[in-house]
Amino acid sequence: MQTSSFKVAGLAAAALLASVLSSGCRRSETYEKPPTPVRTYTVERYFAGGASEGGERYSATIRPAMQLDLAFKTGGYVSELHTVRGADNRMRSVQDGDLVAMGTVLARLRIDDFTNKVNQAESQQKEAQAANATSKAQLKEAEVALDQTQKDLDRAARLLETRSLTKPEYDAAKTKREMAQAKVEAARAQGGMMEAKIDGAQALVSEAKLAQRDSVILAPMRCVVLRRNVEVGGLVGPGTPIFTVVDLSSVKAVFGVPDTTVRKIRPGSVLKLSSDAVAGVTFSGSITRVSPAADPRSRVFEVEITILSPPPQLKPGMIASVELPSDSTGEGAIVVPLNAIVRPKDHPESYAVSVVTTQDNKRIGRLRTVKLGEVHGNFIAIT
């Protein structure tokens, strides 16, 4: 390209020379270099923390105020999923993005498996209760027999003192009383075993009924389904997340600030936010948490803002802009883009910027020597 331009410029000069020699009286035309177009930039003032004249601005990530994984306590086959009316006016299973009310039955396991376990546990409980009733009747009979043998032994002792009864006859009465005592103790031990068996059966019944109740997943709050991980007829294991739901009655805006800014942030302060997803709308939230320690990798402190009743367009994962009011008492530093800094030809050791001025109703850029300050991203301060 440079070679071609050079040639074109040479031919034009030869033609001009021939024209001058042939005419002898024509004046040569002077070439005026056309002005070079440039892009201008309006300087700004920079305050501590990256603010412009309005205050410090940070990008925050929108997160749900609460996110829960819902799972069955015991495994089984899914027999039912909550159904809603779809966009085509037909009923379908609940899916990602659906809003459900608190207490809605989201999923249910096959109930027959749990009903059988409950019936078996209740049957064992009834058997234990019947055996316990028999044991109590035997204990009562043994206690009556013990009372009678005790009376016979007392009567035999009195007769033995008056020599109306022989010693062998007394010993026989004593032996009957000891045998009756042994039967009472055995019946009491049996009764204790039956009580323990009843307690065990009751525990089995309670456990089976609890598993039966846990065969249903209920929405713990008014929430939005974020994920559904099962289909009707699928086998799920205990503790496997079936649904992930989020509470969007409030959301959190989370962003990080440097140590020079975190000292100015106080929980409870109200801040303004905006988002491109909700164009033209400014909403506010309160600072609910300030991390006590900086992230070891990014060296910033995490700040959390809670936004109550957010607009429905503001969803988790979106980006919002947070404005922190500036407490700077100074005027701030004037900053310009780094690519606006040049070295003047007459003072190559210095720095300069082109400042736009007006002369003869024309806007002209003139170099002005400047002293540079700190670099702030893609900008540099002019001191």
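Contact is defined here as heavy atoms within 4.5 Å. By this criterion, residues 24 or more positions apart account for 69% of the contacts in the protein with a separation of 6 or more. The structure is a predicted model, in which local features need pLDDT of at least 70 and side-chain atom pairs count only at pLDDT 80 or more, whereas totals for chains, interfaces and linings use all residues. Residues are numbered from 1 along each chain as its sequence is written, and side-chain values use heavy atoms, with hydrogens and water left out.

The secondary structure comprises four helices and 20 strands; helices (H or I, at least four residues) and strands (E, at least two) are DSSP runs numbered from the N terminus. Of the 383 residues in the protein, 27% are buried, where buried means under 20% relative accessible area, exposed over 50%, and partly exposed in between (1.4 Å probe, protein chains only).

In soluble globular proteins, nonpolar side chains tend to be buried together. A nonpolar core is taken as a set of buried Ala, Val, Leu, Ile, Met, Phe, Trp, Tyr and Cys residues joined through side-chain atoms within 4.5 Å. The largest such core holds 22 residues, of which Phe255, Val257, Leu273, Ile305, Ile307, Val322 and Leu324 touch the most other members. At least two residues of this core are supplied by each of β2 (56-71), β11 (241-257), β12 (270-274), β13 (282-290), β14 (301-308) and β15 (319-324). Leaving aside residues up to four places away in sequence, Phe255 touches Tyr58, Ser59, Ala60, Phe301, Glu302, Val303, Ile305, Val322 and Leu324. A second, separate core of 21 residues includes Leu109, Val225, Ile242 and Phe243.

Ala253 is likewise found in strand β11 and counts as buried, at 0% relative accessibility. With residues up to four places away in sequence again not counted, Ala253 touches Ala60, Thr61, Ile62, Leu273, Val303, Glu304, Ile305 and Ile307. The C-alpha atoms of Ala253 and Ile319 are 8.5 Å apart in space, although the two residues are 66 residues apart in sequence.

An open sheet of four strands has the order β8-β7-β3-β10, with antiparallel pairing; two strands pair if DSSP finds at least two bridges between them. The edge strands, each pairing on one side only, are β8 (216-218) and β10 (235-236). Strands β7 and β8 pair in the antiparallel sense over three bridges, and Ala107 has Ile217 in β8 as its bridge partner.

Side chains of opposite charge can pair when their charged atoms come close. The structure holds ten salt bridges, a salt bridge being a side-chain nitrogen of Lys or Arg within 4 Å of a carboxyl oxygen of Asp or Glu. One of these joins Arg108 to Glu80, with the closest N and O atoms 3.2 Å apart. Because Arg108 lies in strand β7 (residues 105-109) and Glu80 in strand β3 (residues 76-81), the pair ties together parts that are 28 residues apart in sequence. Arg108 is partly exposed, with a relative accessible area of 27%, and Glu80 is partly exposed at 36%.

A salt bridge also forms between Arg188 and Glu143, whose closest N and O atoms are 3.4 Å apart. Arg188 belongs to helix α3 (residues 167-213) and Glu143 to helix α2 (residues 111-161), so this pair ties together parts that are 45 residues apart in sequence. Glu143 is partly exposed, with a relative accessible area of 34%. The side chains of Arg228 and Glu231 meet in a salt bridge at 2.6 Å, N to O, while Lys252, Arg289, Glu302 and Glu304 are linked in a network of salt bridges.

Most residues other than glycine have a negative phi. Arg163 lies in the loop between α2 and α3 and is exposed, at 78% relative accessibility. Ser309, also not a glycine, has a positive phi of about 50°. This serine, Ser309, lies in the loop between β14 and β15 and is exposed, with a relative accessible area of 64%.
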